[in-house]
Amino acid sequence: MFRIAIKGILGRKARLILTSLAVILGTSFLAGTSVFSDTLTRTFDNLFSDVFKNVDAYVRSSQVIEADFGQEERQRIPLSLVDIVKTVPGVKNAVPDIQAFARIIGKDGKPIGSDGQGPPTFGTIGVEFEGALWTIADGEFPVGPTQVALDEASAKAGKYVLGDTVKVVAQSGSREFTLVGIASYGDVRSPGGATFALFDPATAADFLTKPGFIDAVLITGDGSVSDAKLAKAIQAALPTTDKTETLTGAEITLETQDQIGSALDFFGILLKTFSFIALGVGCFVIYNVFSISAAQRQRENALLRAIGASRSQVTRAMLIESLAVGVFGSMIGLVAGIGLSKGLSALLRALNIDIPSGGLVVTTSTVQQTVFVGTIVTVLSAILPALRAGKVPPLAAMRATALEVSEPGRKRLIGGLISIALGLAVIVMVIVGASNSYLGFGILLVFIGTIVLGPIIARPVALFLGRPAARFRGITGVMARQNSARNPKRTSRTASPVLIGVALVTAVTALAASIKGQIDDVFTQQFKGDYAISTNNRGFGGLSPSLATDIAQLPLVEGATGIGLVTAKLDGKGQYLTSIAPETIEGIWNIGLIDAAYSDLATDSIFISEKIAKKKSFTEGSTISAIFADGQSRTLTVSGIYINNEIGDYILNKGLIASTSVVTFDIGVYIKSRPGSDQKEVLSSLTAAVKKYGQGDLLTKQQYIDKQSGQVNQLLGLIYGLLMLSVIISIVGIIITLLLSVFERQRELALLRAVGMTRSQVRTTVRWESVITSLLGAVMGIVLGIGLGWVIVFALKDQGLTSFKLPVTPTIVIMIMSFIVGLFAAIYPAWRATRVNILDSLNTN
């Protein structure tokens, strides 16, 4: 039987390739993401190993606040510690280091780099030092308050050469410097696409942070003691009141590599999640193909049974075929994945994101994972068809046809309904108060139940969807409609990948529409100004606080206020707090204060949202202990409670932060023009003020609201892009099913051609059959997706999402796209159907 299975595989090479396509597509994405992640991890490990190779010790603050989304803010240390470190025996040299926000403005007046949605924009210290992180490729290191050096990539992007005047924006505002040097970071022009502006220590501390403070001290030893002993001696010499820690060069290297690795791991997990979704969709394609194959080889398997083959032998023969398909498809997918990884690296370089040079990293675990996952998925998908193939009776060899015509049974109906009922029960539990973590399990059960019931639903829905084809396309439409309905199991299996893809897309679209609708409503009600200056930076950098002050002084402006973010630790947990200027925000932004006024927010008090007040039983007069990035604990009194928490659950007075060493930025500046002002003149004066700083988008109120809701589209586009692989596999599944269906119905097609059906009519029949199948999956997917979207929105009500909006236009677009997918998938199968040899097919028994 093993030899028979191998000969069967070799004798049907086209079927082997077609069946392998679904495996190849899924495993190529899986392999590609693994190779790409491993390559980035190794190259950045090597980069930071080289960068810190001459650093023997590293002093920094031990006080760090970890905020949301992996962000952290470490307390800065006094610049005076550098001189203390230099006196420690074994220290050869020590220099300060700063890593802070700075935005380089190009010659065209546009900021270089991305605005909060890509690699960061840094300002740092550049000095001549044996253990320096930067080296000068051209020119010299900056000296004095008027000089700057740029990384090579930024200088090229800004079209700067030595001697040019460069504008840089940082926390203290906008300044112009003379370019005196072009720098490199290790062996790359700029690490990971980030931009860097380098200054001498005094200028960096004054311009980037606050005078007298730095982030760290880089130290080289004289070789008289080990790095560990040197670090211990340095730590012993530093004042305990400054709360510092001293790491060896190896320790800071490993920590930096781990941080990069964690970020890349998240990226890799995201991509792998969608690759597994694609493989899950591929399971239906593989299962469908093997089911059709088992039906078409019914006489062949019956003959094997008749000459003595047992059920298990017939089953094993088909499983051997699935094993071959899995291994073959996985190996091809691995090779394709390596090519995909190389393409991703080239794409990053095309986007000016420079990564260290080096070859691709193809680990043994990546090869094993790709082949193992692809093979297991294929074999598991083929088990049920293989078992059915083994049950074929020997007498089936006498049948003239081999069609899969069994109707869906009662067990399927009961099993599907039970799965859906259990899923709905779990969802109801979540709605009435259970943890949201159970929501995914409930949704999965509903999906499984819907797919199980698919063959029962398929026939009536296919007949309904096929009515327009039957009415407007005549006999070809009638035949397409009947062909789709006569084998509901096959039609349902073919439509299932489309169902899954459409359901996920529809659910995400419904969620996005609901979020956008709420954003529009919220900002229309709360933002009372006329203009806004916006930035995408959150957590690292943003708009200089001095921008709002300058805007407020313009003659045509009645008021301008900046809103910022501050990292603090509350109840042992780091989070972002919102900072406002109470004296300027009145009449521009409405947070819905309850029995309080903005003037009640003093530098020793705090406003909290009604949601937090109820959750933690706070009232006016309650106290909250907060630790900021300067390491100091402050007790704040609740002086007001507000309803609208869209800008945050905790609000501080900016004056509190101004008295500390903490550096803050605004995430937006909101402006109200004087009544009766010419808006063209207002816009002109605001544009000139924003241009002076070189960053931030000046928007009207409606443009600002549209931008906030439009940010949802970016996430939506990413999810659509990642789900596109599942859509491609769905198309491949329809194509394969139609091709095998054409092969199965050769005699039928030949007879139709013999009695007068033209090739054009054959193509039309196959084409409409494909469209009906695609629309079947789309209709079921849309219904399931809308329900899923509503459930997710309802489950997120505690996060402030209060209303569900039906995405009417996107739903229509999905239906149209499904129609187009059906037409596209039928092109080749329809052409093959017209090439059936009439005489040979009629003579086939």
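Guide: On a 1 Å grid over the protein atoms alone, a cavity is a set of points where a 1.4 Å probe fits but cannot get out, and its lining residues have an atom within 4 Å of a point. The structure above is a predicted model, in which local features need pLDDT of at least 70, side-chain atom pairs count only at pLDDT 80 or more, and totals for chains, interfaces and linings use all residues. Residues are numbered from 1 along each chain as its sequence is written, and side-chain values use heavy atoms, with hydrogens and water left out.

Visitor: How much space lies in the largest cavity?

Guide: The structure holds three cavities of 30 Å³ or more, and the largest of them has about 90 Å³ of space, where a volume is the space filled by probe spheres set on grid points joined across faces, edges and corners.

Visitor: Which residues line the largest cavity, and which element gives the most to its lining?

Guide: Among the lining residues are Val-95, Pro-96, Asp-97, Thr-124, Ile-125 and Trp-134. The elements that give two or more residues are β5 (91–97) and β8 (121–125), strands being DSSP runs of E with at least two residues, and helices runs of H or I with at least four, numbered from the N terminus. β5 gives the most, with three residues.

Visitor: What makes up the lining of the largest cavity by class?

Guide: It has nine nonpolar, two polar and one charged residues, where Ala, Val, Leu, Ile, Met, Phe, Trp, Tyr, Cys and Pro count as nonpolar, Asp, Glu, Lys and Arg as charged, and the others, Gly among them, as polar. The lining of the second largest cavity, which holds about 60 Å³ of space, has six nonpolar, two polar and two charged residues.

Visitor: Why is Gly-572 called exposed?

Guide: Gly-572 has a relative accessible area of 63%, and exposed means over 50%, with buried under 20% and partly exposed in between (1.4 Å probe, protein chains only), so Gly-572 is exposed. Its place is in the loop between β18 (557–570) and β19 (573–580).

Visitor: How do you know that Lys-159 and Asp-595 are exposed?

Guide: Lys-159, in the loop between α4 (152–157) and β11 (165–170), has a relative accessible area of 66%, so it is called exposed. Asp-595, in the loop between β20 (593–594) and β21 (605–609), is exposed because its relative accessible area is 73%.

Visitor: What is the phi of Lys-159, and what is that of Asp-595?

Guide: Lys-159 has a positive phi of about 60 degrees although it is not a glycine, and Asp-595, not a glycine either, has a positive phi of about 55 degrees.

Definitions and conventions: 1 Å grid on protein atoms, 1.4 Å probe; cavity = no way out; pocket = protein on both sides within 12 Å on 5 of 7 lines; lining within 4 Å.
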